[in-house]
Amino acid sequence: ASIDTHTRAVASMSAPNDSESPMLIADDAPLHSLVTLLVITSPLAAHPSTELFDACLGAVITAAPDMANCPVVVGADGVEVAPRSHARIHGRCSESEAVAYVSYLRTLKKRGNTTVVNVAGWHGFALTLQRALQHVKTPFVLVLCHDLLLHRFDFPVRRILRLLGQPNVNYVGIPGPNNYGIRYASRTSAGPVQLTRRTIALDDGGEPLPVIPLLRWKE
């Protein structure tokens, strides 16, 4: 399901819940015991500076201050020092870019509550995410891109967790620029289909959450 929000971030929260029974989440459970912030990263022109990475996490904490103590896992995609033969990078970078990237990751590794997962060789976002998920110890994970910020100041984390606790809800995506994730998820081999918006009522007394069921998962 994709939450209907007004945000420019590309992010998602997920948890394994294929059962037909709701996953019970204690209202007073601290978020750091429930959610890991997982950031996928790769070389950027800004490296070795961590300013953009810090802004990414800072935007989440601004929107949801209770997430300040959540564990952080960084999935670091691998690189190859080689010339780029086409527009897409595919893990290729210059020697100076590789050195800056290593320095950037070394800085992140020195931080408390942060685990950096180095992936050997270029894998891309999805496979790097898969490797990083193996180091997550909480029941939920908030997946973030290293260069996009969450522009929503009432991020309803606990309501999203309740939504993920519903039967057969495994993933909640947050629409990115121009709702690309929704447009991607509505494509089929026969062409795009119209996704039907609906609401899911939770047991917390709040307004039902507007969602759009997705045909496929967008990383």
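Which residues point one way from E8, and which the other way? Phe-140, Leu-142 and Leu-144 point one way, Val-141, Val-143 and Cys-145 point the other, and all are buried. Here are some notes to go with that.

1. **Ground rules.** This is a predicted model, in which local features need pLDDT of at least 70 and side-chain atom pairs count only at pLDDT 80 or more, while totals for chains, interfaces and linings use all residues. Residues are numbered from 1 along each chain as its sequence is written, and side-chain values use heavy atoms, with hydrogens and water left out.

2. **Strand E8.** Helices (H or I, at least four residues) and strands (E, at least two) are DSSP runs, numbered from the N terminus. Buried means under 20% relative accessible area, exposed means over 50%, and partly exposed lies in between (1.4 Å probe, protein chains only). Strand E8 covers residues 140-145, and six of its six residues are buried, so the strand is largely enclosed by the rest of the structure. In a regular strand the side chains alternate between the two faces of the sheet.

3. **Its partner.** Two strands pair if DSSP finds at least two bridges between them. Strand E3 (residues 35-41) is joined to E8 by six bridges, and the two run parallel. One of the contacts to look at is Ile-40, whose bridge partner in E8 is Cys-145.

4. **Cysteines.** A disulfide is a covalent bond between the sulfur atoms of two cysteines. The rule used here asks for a pair of cysteine sulfur atoms within 2.5 Å, and by this rule the count comes to zero. For Cys-145, the closest cysteine sulfur is in Cys-56 at 7.8 Å, which is too far for a bond. Cys-145 counts as buried because its relative accessibility is 14%; Cys-70 counts as buried too, at 2%.

5. **Helix H4.** This helix (residues 157-164) is mostly covered, with seven of its eight residues buried. The buried ones are Val-157, Arg-159, Ile-160, Leu-161, Arg-162, Leu-163 and Leu-164. Val-157 has a relative accessibility of 4%, so it counts as buried. From C-alpha to C-alpha, Val-157 is 7.0 Å from Ala-64 in space, although the two are 93 residues apart in sequence.

6. **Aromatic pairs.** Rings of Phe, Tyr and Trp (its six-membered ring) pair if their centres lie within 6.5 Å; planes under 30 degrees apart count as stacked, over 60 as edge-to-face and the rest as tilted. The structure holds two such pairs. Phe-53 and Tyr-104 are edge-to-face, at 6.5 Å centre to centre with 75° between the planes. This pair links distant parts of the chain, with Phe-53 in helix H1 (residues 51-63) and Tyr-104 in helix H2 (residues 95-109), 51 residues apart. The rings of Tyr-101 and Tyr-104 have centres 6.1 Å apart and planes at 20°, so this pair is stacked. Both tyrosines lie in H2, three residues apart, about one turn of the helix. Phe-53 is buried at 3%, and Tyr-104 at 1%.

7. **Backbone details to look at.** The peptide bond from His-47 to Pro-48 is cis, with omega near 15°, and Pro-48 is found in the loop between E3 and H1. Asn-113 has a positive phi of about 65° although it is not a glycine. Asn-113 lies in the loop between H2 and strand E7 (114-118) and is partly exposed, with a relative accessible area of 45%.
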